[in-house]
Amino acid sequence: MDTVIVNGSLITGDGVTFLEKASVRIRGTIIVDVTPYQEASNEGDRIIDAGGSVVLPGIVNAHAHGCIAGPSMPSGSLPLSTEDISYQRNRHLLSGTTTLLNVCGLATPNEIGCSVLSPHALDVHVSTAHTPSSIAAAGIADGAGLSAQHLSATIDDMLARGAKALGEAGGGQTLGGGAQDYRYLPLAIEKATGISVHPKVARSFKEAVLGRRLDGAAAASNDELEALLERHALDGHLTAVLLRGIVVETVMPPVHLAIRGLAEIAAQSERVGMAAIFHNAAPTAATLVQLAETYPRARMIAGHSNHPMFLPEEAVATARLLKDRGVTIDVSTLDCITTRWRNGPENLDHLATEGLIDTLSTDYAGGDWDTILSAIHRMIAKKQMPAPRAIALATGNVAKAIPELAGDRGLIERDKQADIIICDAHNFARVRHVIAKGRLVVENARIV
């Protein structure tokens with residue numbers, strides 16, 4: 001039978017089109033008709049009444065982690081447990097994501113749906129960062145999840161086996177980013193003192209010792225470090241010298257190799273013609289600008305361009321420089337929309353207000369990521385952009401940036417894959433129904 005969605009308003013995902021009342025007809029896995037009025041149903045049609053709701057394309061999340069049973073993160077860490085992977089996949093699906101690119105980068109395509117994982121309606125794909133320096137940086141940072149098959153894999157092999165993009169080039173574990181704040185530095189400090197510190201405190205120590213660009217610029221003196229330790233009640237447990245040693249020894253060993261890995265992946269992107277996702281933060285911004293000039297045919301995507309290591313004005317200036325050089329500007333929700341345990345929305349707000357965002361993803365944020373539709377709701381509510389343009393950031397724009405991943409979806413139009421979500425018209429973050437490949441997989445906010 002056909003499925004027909006009626007009575008809802010509709011945003012197609014092209015960045016412009018909004019239909020006050022529309023119908024969508026689905027046959028099998030494909031959209032066969034979109035009409036700007038209520039279509040008459042045929043006998044045997046399954047009707048989904050979207051009255052009071054808005055009909056949107058399924059979200060395409062092209063920068064996420066934790067959804068496959070392979071090495072996690074660019075550090076090649078151990079995979080998440082099967083329970084945690086299932087939890088992450090369910091969260092994405094329930095929040096309207098129908099297609100997801102897991103960009104840990106060192107897993108293999110066969111680890112998407114391996115025997116330990118149950119089949120899932122979320123369409124998960126992987127990227128590849130299998131270059132010599134990227135693998136070596138992972139081994140120094142962690143590498144506990146890497147086996148012989150991961151260490152010997154190549155970009156060409158992974159693309160032939162179904163990887164949809166390159167990257168993530170670099171990562172918070174290997175380039176002094178968020179993972180150092182919420183995982184590695186707190187563990188090192190706790191090992192030395194027996195005291196657990198909040199990620200924001202770990203970040204303040206990291207930036208005081210190394211500077212936001214990890215280059216020592218504006219690094220704190222020993223007296224300033226002692227004052228910082230006293231402020232956080234650690235002065236009786238650490239000295240400035242010991243703190244400096246912990247930070248340097250924890251953060252810096254993989255950084256040089258990870259920076260070299262950025263160049264390797266940019267060169268590979270230009271060679272093979274595939275999109276490549278890069279870790280964009282204060283330590284890598286100048287390198288990414290240089291790589292965009294060196295490899296003008298590389299399809300570079302600057303991931304999480306709202307990274308908290310940027311000051312707001314730096315995030316905007318960096319995005320302008322990269323965008324002028326043809327780089328796609330991606331921002332991530334991280335935990336900065338509603339959770340705000342480590343990060344706030346300032347950088348995202350500045351980039352949205354300046355009209356610099358091309359695509360929108362979640363990233364991972366230690367598993368605390370906020371939903372893409374919550375960020376879209378924020379952009380609309382704050383009048384940073386109209387609803388059709390905001391929706392395109394996570395649908396049609398992603399399909400344009402990575403057609404290998406989403407060229408057949410991301411838009412509600414004839415002959416596209418029937419990935420569709422139905423949301424509360426007053427708050428797009430409240431997802432009621434999800435249709436994936438023509439099948440109703442979430443009904444009334446429950447997976448079916």
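View 1. The model shown is predicted: local features need pLDDT of at least 70, side-chain atom pairs count only at pLDDT 80 or more, and totals for chains, interfaces and linings use all residues. Residues are numbered from 1 along each chain as its sequence is written, and side-chain values use heavy atoms, with hydrogens and water left out. I59 stands opposite T97 in strand 7. Strand 6 and strand 7 (residues 97–102) run parallel and are joined by four bridges. Strands (E, at least two residues) and helices (H or I, at least four) are DSSP runs, numbered from the N terminus. Six of the six residues of strand 6 are buried, meaning under 20% relative accessible area with a 1.4 Å probe, protein chains only.

**View 2. Three parallel strands form an open sheet in the order 6-7-8.** Two strands pair if DSSP finds at least two bridges between them. Strand 6 (59–64) and strand 8 (123–126) each have a single partner strand, so one side of each lacks a neighbour in the sheet.

**View 3. Strand 6, helix 1 and strand 7 make a right-handed β-α-β unit.** Right-handed means that, with the strands pointing away from the viewer, the path from the first strand over the helix to the second runs clockwise. Helix 1 (residues 82–94) lies across strands 6, 7 and 8.

**View 4. Helix 10 (residues 285–294) has buried residues, namely A285, T287, L288, V289, L291 and A292.** Contact means heavy atoms within 4.5 Å.

How values were computed: Buried < 20%, exposed > 50% of the residue type's maximum accessible area, 1.4 Å probe, protein only. Axes fitted to C-alpha atoms, helices over the stretch in contact; angles between N-to-C directions.
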